[in-house]
Amino acid sequence: MAQTIGSASCEALIIGGSAGSLDVLLEIFPALRSDISFPIVLVVHRKPSNESLLTDLLKSRTTLAVGEAEEKEFLTPGKVFIAPADYHMLIEEDQSISLDYSEKINYSRPSIDVTFQSAAEVFKEKLACILLSGSNSDGVEGLKCVNSFGGKVVIQNPDTAIMPYMPQQAALNVVPNVILDSHDMADYINKLND
């Protein structure tokens, strides 16, 4: 069970990113605590041909368990679940994973919006979502949903993003809890654990 931060707690973290987000992820993951008490879900736009590349890169840089998300798998604390390329990833009411091959959203499958929205409905104020670098507006509608349920909205500082369009659109359309430079994100995530 997630530990309490004041009256709030974090029961799940979703990180969404597209073009330019890999560098940030490779900066964050080596600095994460090994005793993270919530699941981390990663939704990154990528080509199916590079299926295992992201998983292998992250496995080599963190002590946390890392794996491709599988249909009906339950979210478990301290594990990183990576949305498979070319599938939308939804979080069900029982905190299990559902994979979906329906039409692309914002030209993307997996869509960050889909995962943010489904997770917001399940975890409500106990959800934290981070939106990283990218070249389309995927994630913006999802963050609005996270906001409406009282979850934490974190946006990468567009000035530090390789592709600033995605975090810029989020900052223009959503009231974030915080805008962070990439080098401050691991510390923020680690403190969600306290």
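1. A negative surface patch is formed by E92, E93, D94 and E121. Such patches are made of residues with over 30% relative accessible area and no salt bridge, with like charges joined within 9 Å and nonpolar side chains (Val, Leu, Ile, Met, Phe, Trp, Tyr) within 5 Å. Asp and Glu count as negative and Lys and Arg as positive, while His and the chain ends are not counted. The place of a charge is taken as NZ of Lys, CZ of Arg, CG of Asp or CD of Glu. Accessible areas come from the Shrake-Rupley method with a 1.4 Å probe, and for residues only the protein chains shown count as cover.

2. The model is predicted: local features need pLDDT of at least 70, side-chain atom pairs count only at pLDDT 80 or more, and totals for chains, interfaces and linings use all residues. Residues are numbered from 1 along each chain as its sequence is written, and side-chain values use heavy atoms, with hydrogens and water left out.

3. Helices (H or I, at least four residues) and strands (E, at least two) are DSSP runs, numbered from the N terminus. E93 counts as exposed because its relative accessibility is 61%; the term exposed means over 50% relative accessible area, buried means under 20%, and partly exposed lies in between (1.4 Å probe, protein chains only). The loop between β7 and β8 also holds Q95. The phi of Q95 is near 70°, a positive value in a residue other than glycine, and Q95 is partly exposed, with a relative accessible area of 29%.

4. With a relative accessible area of 77%, Y107 is exposed. P110 lies in the loop between β8 and α3 as well, and a cis peptide bond with omega of about 15° joins R109 and P110. For background, most residues other than glycine have a negative phi, and most peptide bonds are trans.

5. Helix α3 (residues 112-123) has 12 residues and reaches 16 Å from its first C-alpha to its last, close to the 16 Å expected at 1.5 Å a residue. The expected span is 1.5 Å times one less than the number of residues in the helix. Is α3 enclosed or exposed? Of its 12 residues, 10 are buried, so α3 is largely enclosed by the rest of the structure. Among the buried residues of α3 are I112, V114, F116 and V122.

6. F123 lies in helix α3 and is buried, with a relative accessible area of 3%. F123 and V146 are 23 residues apart in sequence, and their C-alpha atoms are 9.3 Å apart in space.

7. How many salt bridges does the model contain? The count comes to 8 salt bridges, where a salt bridge is a side-chain nitrogen of Lys or Arg within 4 Å of a carboxyl oxygen of Asp or Glu. One of them joins R46 and E68, whose closest N and O atoms are 3.0 Å apart. This pair links distant parts of the chain: R46 is in the loop between β4 (40-44) and α2 (53-59), whereas E68 is in strand β5 (residues 65-68), 22 residues apart. R46 counts as buried because its relative accessibility is 15%.

8. Two further salt bridges lie within helices. The side chains of K144 and E141 meet at 3.1 Å, N to O; these residues are 3 apart in helix α4 (residues 140-148), so about one helical turn separates them. K144 is partly exposed, with a relative accessible area of 34%, and E141 is partly exposed at 42%. D187 forms a salt bridge with K191, the closest N and O atoms being 3.1 Å apart. D187 and K191 are 4 residues apart in helix α6 (residues 185-192), and therefore about one helical turn separates them. An α-helix has 3.6 residues a turn, so residues three or four places apart point the same way.

9. Two longer separations may be noted. V43 is placed in strand β4 and is buried, with a relative accessible area of 0%. The C-alpha atoms of V43 and K144, 101 residues apart along the chain, are separated by 17 Å. E70, in the loop between β5 and β6 (79-82), is exposed with a relative accessible area of 53%. E70 and V140 are 70 residues apart in sequence and 25 Å apart in space, C-alpha to C-alpha.
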